[in-house]
Amino acid sequence: MKILTQKIIGFCKGVERSIELLNNALDTYKQVYMLGEIINNRLVVDSLKKKGAIFVNDIEKIPNNSVVVIRAHGESKENIDYLNQKSCKIIDATCPKVQIVRDEVVKKEAEGYKVLILGNPMHPEVLGFSSLIKNKLFIDESDNFDFLSESDKFFLVTQTSYNYNKHTIYAQNLSKNADIQNKLVVILDSICYTTKERQNSAVEIANQADTVLVIGDKISSNTTKLFEISNKICKNTYFVTTISDLKSVKNKESIKTLGILSGASTPKELVLEVIKVMSELNKTEEQKLEDQNVNEQKSKEEQFAELMEKSLTESEKPIKPGEMREVEVVFADETGLRCNLVETHRKADMCFIDKDEVEMEGDYDADKYKPGDIIKAVFLRHENQQFYFSKKAYDKRQIENEKAEKILQGEDFKFTFHRTTPNNSCLIGKMGDYSILVPASQITFRHVKDITKYVGKELRLRILPPEDSENKNTRKRTIFASQKLILEEEKASKEEAFWAKIDVNNVLEGKVKRFGYKDDKPFGAFVSIDGHDCLAHIGDLSWTKIEKPEEVLEIGKVYEFVVLNFDRENNRVSLGYKQLQKRPHEILAEKYPIGTIVKGTVKEIPEKGFFAVIDLSEDEGIVYISEIADKFIESISDELTVGQEIEAKVIGTERFNKVKLSIKQAAPSKEPAEKFSKSTKENSKHKKNQQTESNEYISSESMGATLADLLDEETAKKLKETAKNNKK
Ligand code: SF4
């Protein structure tokens, strides 16, 4: 016997959810009220009653402060308000599909639409949502469209369990008539997917089967509709509420093709039980014996699992988050896209793409999407009987896949990893359908021990060549990548660029990284040029004597340095800083131009000296004996005293950072003749004197601290040596 079943069996998701919520409430509160029965199925209702559920039709029978579960059909506004007045705790198990209808009618009425309701006005679901609005009209399937004169725009909503074909035909007629009268009609496809699916299957199955069993309760309207549909096509259609009803099925053993239909309120277990019993009835004695042998070898759990697996039709096998599916837009509104799954085994499932999950860029625009549009989307989650999808995630995945293809062709890329492999040997991440792996040895120049510190950081990557990845890249959709390859390449090209700049006397900018000390003695500053460490020796930092590099340079600051010498083989570059600075006497020369008249105070007249030191406030000057007066002077003390204020002319600078001054040249000039004869006379004296000065200068060992103070150590040493030689 061949058995044909619907693609969806068992409770619909809305009923399943309401039963679950009621069971949860019973576990917590022990006694829970419900207005009306939870589903039109006596078996289920009886078992819930035993657990403590109290089903009442009269709201007055619900005591104050009770716990009340609202069934899947939803409840009227008046009843909800009344329960609130009674301080009842309300657990809302309204089916999400019904909730959409409730929300839509309220919204459309607020937008000025007259709401047309196609369905049974006394059905609890219709009673519930119609109570939320005032501007409404209950309609039937008649051809009378006179009501179109009552408004300019209409919103058609249909009971979720209504006959889908009848709804479609009526909606088409309504649209045609509205067009003629130039009226606006918006139609909500509110028929529940499970109703459509089961009714369509009923037609298909009844056409193929010689006997059809409609399993469910006769008080269930959707099961009764299935019976009506099937019975019109196949006269051997039976209503089966319990297993014992199978007795009435005629010629069971000779059934060739058996059709099984069930309503949204029929438990799956009952359907499976009926299938099992009918299969057994139809088996030959040999088959029964064979099954018995096989079953004896299997554990009870295995048998159960097998039965469950078999019982799961394709439609019920769960979609895993991240899987891609095609969905068909049913309607688009400002909340997002309501869709059906395109694939046949899950057709008409209730899918939703939230407005924030539609576009990758730009704002979502409902007008862009039309009923019938096919969209590829990624499954996110199953929640409250809805399948949540993301078009945005699919689009992003496509872009990432294209990027991965380019990476496979050798394009460098950036990537931020959010986790590591379980053994912490690699960073791992997803790019579209590809996995990206970076081994710890490929993150930087050295093997990284703790790769977790790279989690959350962006790396620059390149695919590893097959020889380095041990052909790992050939693994399906796995890309082994390396940051080290890029870093090494960059380092090599930086090195080249650096050495190309290095030549003696080249001036380069460098950043002071640290100061060098050996045995607590400073020896210089390490300077980074393009990331390369160079050394500026302390002797090359200043023209004056310094104790430590900090006196001239500051760590972190950028200065200009001159390359003094370099050794590429040993990776050494010596820099000079002072060579780019003015010498002290040059600075003095700029500050005191020749010919300038300055004022100062005699600071020191060295004993037996041939000069006087002048205090110029910020600097010091020096006046040689020959520049003190226009006459021969035996001793400076005859003309000057320490502390005396003088006026002098700048005539140059001294090597020892002194301004060379002349007092006599600053004095007012005398008569030319007198001056000439005197100067001629004294010139010879002066020359002699100068000679004496010079001799004294180079031979004097008695200059002691006074002259030595003016000289740097090196120069003083040289002068002393010269003096010694002259003596010889
Ligand atoms: S609307 Fe559909 S899913 Fe919801 S309760 Fe009704 S039949 Fe079930």
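User: Hi! What volume does the largest pocket have?

Analyst: Hello! In this predicted model, the largest pocket comes to about 860 Å³.

User: Nice. Which residues are closest to its centre?

Analyst: Those are Asp189, Val329, Val330, Phe331 and Pro371, out of 36 residues that line the pocket.

User: And which elements give two or more residues to that lining?

Analyst: Helix 4 (96–110), helix 6 (164–180), strand 9 (184–187), helix 7 (193–208) and strand 13 (324–333). Strand 13 has the largest share, with six residues.

User: How does the lining divide into nonpolar, polar and charged?

Analyst: You get 14 nonpolar, eight polar and 14 charged residues.

User: Where does the pocket lie relative to the domains?

Analyst: Between domain 2 (97–191) and domain 3 (324–396), because both of them give residues to the lining.

User: Switching to the ligand: which residues are around it?

Analyst: Cys12, Gly14, Ala72, Cys95, Lys97, Val98, Thr160, Cys192 and Thr194. This shell divides into five nonpolar, three polar and one charged.

User: Which domains does the ligand lie between?

Analyst: Domain 1 (13–95) and domain 2 (97–191); each gives residues to the shell, so the ligand lies between them.

User: Last topic: how many residues are in the largest nonpolar core?

Analyst: That core has 26 residues, and Ile614, Leu640 and Leu661 have the most contacts inside it. The elements giving two or more residues to this core are strand 29 (597–604), strand 30 (611–615), strand 31 (620–624), strand 32 (645–653) and strand 33 (659–662).

User: Which strand gives the most?

Analyst: Strand 30, with four residues.

How values were computed
Residues numbered from 1 in each chain as written. Predicted model: local features only at pLDDT ≥ 70, side-chain atom pairs only at ≥ 80, totals over all residues. Heavy atoms only, no water. Near = heavy atom within 4 Å. Nonpolar A, V, L, I, M, F, W, Y, C, P; charged D, E, K, R; others polar. Domains from an automatic or database assignment. 1 Å grid on protein atoms, 1.4 Å probe; cavity = no way out; pocket = protein on both sides within 12 Å on 5 of 7 lines; lining within 4 Å. Points joined across faces, edges and corners; volume = space filled by probe spheres on them. Core = buried A, V, L, I, M, F, W, Y, C linked by side-chain atoms within 4.5 Å. Buried < 20%, exposed > 50% of the residue type's maximum accessible area, 1.4 Å probe, protein only.
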